[in-house]
Each structure stands twice: as C-alpha cells, then as structure tokens.
Amino acid sequence: MNKTSAKLSPRYSAGSNRDLKELYRQMRRVRTFEERVGELFVRGQSAGSMLHLSIGEESAAVGVCAAMREGDTFTTHHRGHGIFLSRGADPNKMMAEIGGKETGYCMGKGGSMHIADMGLGHLGANAIVGGGIPVVVGAGLAAKRAKNAKVSVAFFGDGAMQQGILYEAMNMAALWELPVMFVCINNQYGMGTRIDQATRATELHERALAFGLNGVSVDGLDVGIVQEAAQDLFDKARAGKPGFLAVSCYRFYGHARMDKSPYRSEEEESKGRKKDPVLFSRDQLMEGGETSDVLDAMDSEISQEMDAALDFAVSSNPPPLSAMFRDVYGPLEPEPEPLRTRIARILARD
Ligand SMILES: Cc1ncc(C[n+]2csc(CCOP(=O)(O)OP(=O)(O)O)c2C)c(N)n1
Ligand SMILES: [Mg+2]
C-alpha cells in the first residue's frame with residue numbers, strides 16, 4: 001500500500017474546511033514555535049549546542065497526533081518538538097526546557113533532546129537513533145495487559161530504518177499483537193547522508209509488511225492524507241495489529257542549527273522547500289472558501305503565543321545547583337556518593 005497525494009485531498013476539499021483549519025493551525029503553531037527556537041539559539045540562550053528543527057515536517061507530527069487519543073503514549077527522536085507540541089505540550093514549558101530553565105518540563109535538565117512528561121504520555125525524547133523505539137513495545141505490552149485500549153507510538157527518522165532495534169521491536173510487537181505504532185518521518189536525510197545512499201530498500205513500509213504489521217507510506221505534503229492513513233492504522237493497532245507509517249517530507253534546513261548543509265545543492269533545497277505542508281494546506285483552505293484575512297489573523301495570534309513562549313524562557317531562571325540530583329534518582333535509589341567521600345574511599349583502599 002503506498003498512498004500518494006493528489007493536488008487536493010478529497011476528504012479536505014470544500015465541505016470539511018473546519019477540520020483542515022484546525023490541522024493548519026496546529027502545523028502553523030509547530031512552524032512558528034520552531035522559528036522561535038531558532039531565535040533562542042541565535043541569542044545563545046539554548047541549552048547545549050545541538051538543536052534540531054522540524055520545519056518542513058509539520059504534517060507528520062500534526063497528522064499522526066490528530067489520530068491519537070487521550071492516554072496514548074509516545075516516544076520521539078531528537079527532532080521531536082513538533083510532536084510534543086501536537087500532543088498538547090505547553091509552548092512556554094517546552095521553550096523553557098530547551099533553554100535549560102527551571103520552569104521547563106524537566107526543570108531544564110533534559111533540554112531539547114530529552115524532554116519527557118508522563119502526564120501527557122510523553123515517555124521521552126531520545127538522542128540515540130532508534131533509542132525510543134523499544135520503549136513503546138514495553139508500553140504496548142502494559143496497555144495490552146491492562147486492557148485499556150491505549151496505543152503507544154514511536155516517532156523516529158529515516159536514519160533509524162537502518163537500526164537493528166527497529167526490527168526486533170516490530171517483530172515482537174507483531175508476534176505479541178501489541179497496540180503499537182511505528183512512525184517514520186522520512187525527511188530524506190540522516191545528517192548529511194541521503195536516504196538512497198543509505199539503503200537500496202527505499203519503500204520503507206515494505207519492511208514492516210515483512211514482519212506482519214500493517215504498513216503504509218504517504219506523501220507528507222497533504223496533512224489530511226497523513227491523518228487519514230494514521231487513523232486507519234491506529235484503529236487496527238488498537239485492536240491488536242501493530243502498524244507502521246512512513247511520512248515523506250523534506251528537511252528544510254541543516255541537520256542541526258550549525259549545519260549549513262554543504263552536501264545539498266541550492267537547487268535541490270529550493271525544490272525541496274516547495275514541498276511545504278503548511279502552505280499546501282493554506283491553499284486548500286483558500287480553495288475551500290476560507291479568506292486570507294481569517295488565516296492571517298490566526299497566524300498572528302500564533303506568533304504572539306510563541307513570542308510569549310520565547311520571552312518566558314529567556315526570563316526564567318536556570319535550576320539551582322541544589323536541584324542537580326532531583327528527579328535523577330528514584331526514591332529507592334541511594335543518593336550518589338559525594339565525590340570527596342568517594343575519592344577518600346578509593347584512596348583508603350591502598
Ligand atoms: C546510534 C546512533 N548513531 C549515530 C548517531 C548520530 N546521529 C545523530 S542524529 C543522526 C541522523 C539521524 O537521522 P534520522 O534518523 O533520519 O533523523 P533526522 O535527523 O533526519 O530527523 C545521527 C547519525 C546517534 N545519535 N545515535
Ligand atoms: Mg532523516
């Protein structure tokens with residue numbers, strides 16, 4: 001099964017503009033949030049040196065998350081801001097986390113690549129390529145045993161398609177009939193390596209079919225098509241047949257903020273950036289009768305929301321040194337041994 005997008009998604013033509021408008025709004029929120037994250041970096045206010053923006057990939061986050069239900073859980077890769085935002089994250093707390101501030105989701109100690117929040121079902125972003133994938137198998141097993149009809153979703157990039165852990169996880173999920181979804185955001189690149197330089201098997205969903213999952217690849221230009229495909233797979237996953245969805249898109253900018261992508265031609269980039277899911281859905285809305293005034297007003301409200309998130313992060317404080325070990329060790333684990341005591345103990349051995 002390989003669905004590709006026509007010019008207009010049949011489901012989201014004129015009659016159902018209201019649904020599409022909400023998807024557009026969510027995609028615009030992700031885009032604007034990421035633009036502000038870029039500003040945070042340029043101001044030298046982001047924690048750590050690595051920031052991965054999901055500009056160009058908004059339909060994958062928004063379309064798939066629109067098919068999720070309250071209580072579903074998920075993990076993300078290192079490019080996960082848009083996914084968490086689409087699951088209801090507070091942009092203030094997210095921006096503060098990315099800025100390493102105590103008002104962030106993890107008190108600023110996780111940063112961009114290690115955000116987690118159990119309340120919203122976020123089981124953790126992960127900087128190791130493929131690292132978040134096996135977690136959802138465990139969560140799926142728990143959901144199956146609890147019979148609570150929750151699905152657990154792993155979001156990852158095309159780079160993880162070459163990681164063995166994905167195949168162990170898909171095999172186990174299929175064998176045990178777990179309510180699990182594997183979502184590959186295929187932005188065509190793993191750092192500077194294009195997907196066709198990394199594998200000959202570029203029809204990614206076919207690998208899932210081989211393991212006994214449902215598998216679909218869609219063009220991420222059209223968020224309506226992404227949502228429809230995701231909804232269908234989620235319904236089946238909830239009933240015990242895990243699914244795999246590959247959403248193809250184009251990573252508009254470098255791998256991380258300091259990467260100017262010297263390995264791509266300007267021509268390729270400008271062609272790739274024409275594959276813009278936000279503008280595509282805006283065009284769909286206009287064709288369905290929406291006015292540019294209404295959409296501009298929506299955009300400017302979102303700009304204000306994200307400006308406020310940036311201000312919130314910049315004006316928040318970093319966590320105090322005394323909180324260094326808080327939330328790092330569980331209540332049953334001993335406090336880490338103070339360095340001085342440890343050195344004294346080691347020296348006393350000789
Ligand atoms: C196991 C592992 N190998 C290598 C890296 C270095 N690394 C970080 S991101 C990345 C590329 C990931 O590409 P993809 O999965 O397509 O995600 P994208 O960055 O395109 O969103 C690599 C190789 C890593 N973090 N983990
Ligand atoms: Mg990639």
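1. Angles under 35 degrees count as roughly parallel, over 145 as roughly antiparallel, 65 to 115 as roughly perpendicular and the rest as oblique. The axes of H2 (residues 58-65) and H9 (residues 223-238) cross at roughly 40° and come within 8 Å, so H2 and H9 are oblique to each other. Axes are lines fitted to C-alpha atoms, for helices over the stretch in contact, and angles run from 0 to 180 degrees between N-to-C directions. Helices (H or I, at least four residues) and strands (E, at least two) are DSSP runs, numbered from the N terminus.

2. This is a predicted model: local features need pLDDT of at least 70, side-chain atom pairs count only at pLDDT 80 or more, and totals for chains, interfaces and linings use all residues. Residues are numbered from 1 along each chain as its sequence is written, with chains lettered from A and ligands numbered from 1 in the order in which they are written.

3. H2 brings Ser59, Ala60, Val62, Gly63 and Val64 to the contact, and H9 brings Val223, Val226, Gln227 and Ala230. Contact means C-beta atoms, placed from the backbone, within 7 Å. Six of these residues are nonpolar, three polar and none charged. Ala, Val, Leu, Ile, Met, Phe, Trp, Tyr, Cys and Pro count as nonpolar, Asp, Glu, Lys and Arg as charged, and the others, Gly among them, as polar.

4. H4 (residues 91-98) packs on H12 (residues 292-315) at about 45°, axes 8 Å apart. That angle makes H4 oblique to H12. The crossing is right-handed. Pro91, Asn92, Met95 and Ala96 of H4 meet Glu305, Met306, Ala309, Leu310, Phe312 and Ala313 of H12. The contact has eight nonpolar residues, one polar and one charged.

5. Two non-glycine residues deserve a look. Most residues other than glycine have a negative phi. Glu177 has a positive phi near 55°, in the loop between H6 (164-175) and S5 (180-186). Met191 has a positive phi of about 50°, in the loop between S6 (189-190) and S7 (193-194). Glu177 is partly exposed, with 15 other C-beta atoms within 10 Å; Met191 is partly exposed too, with 13. The scale: buried is 20 or more other C-beta atoms within 10 Å, exposed 12 or fewer, partly exposed in between, with C-beta atoms placed from the backbone.

6. Ligand 1 has 17 residues around it, of which Arg79, Val129, Gly157, Gly159 and Gly190 come nearest (near: C-beta atom, placed from the backbone, within 6 Å). The shell holds six nonpolar, eight polar and three charged residues.

Terms used:
Left-handed = near helix turned anticlockwise from the far one by under 90°. Contact = placed C-beta atoms within 7 Å.
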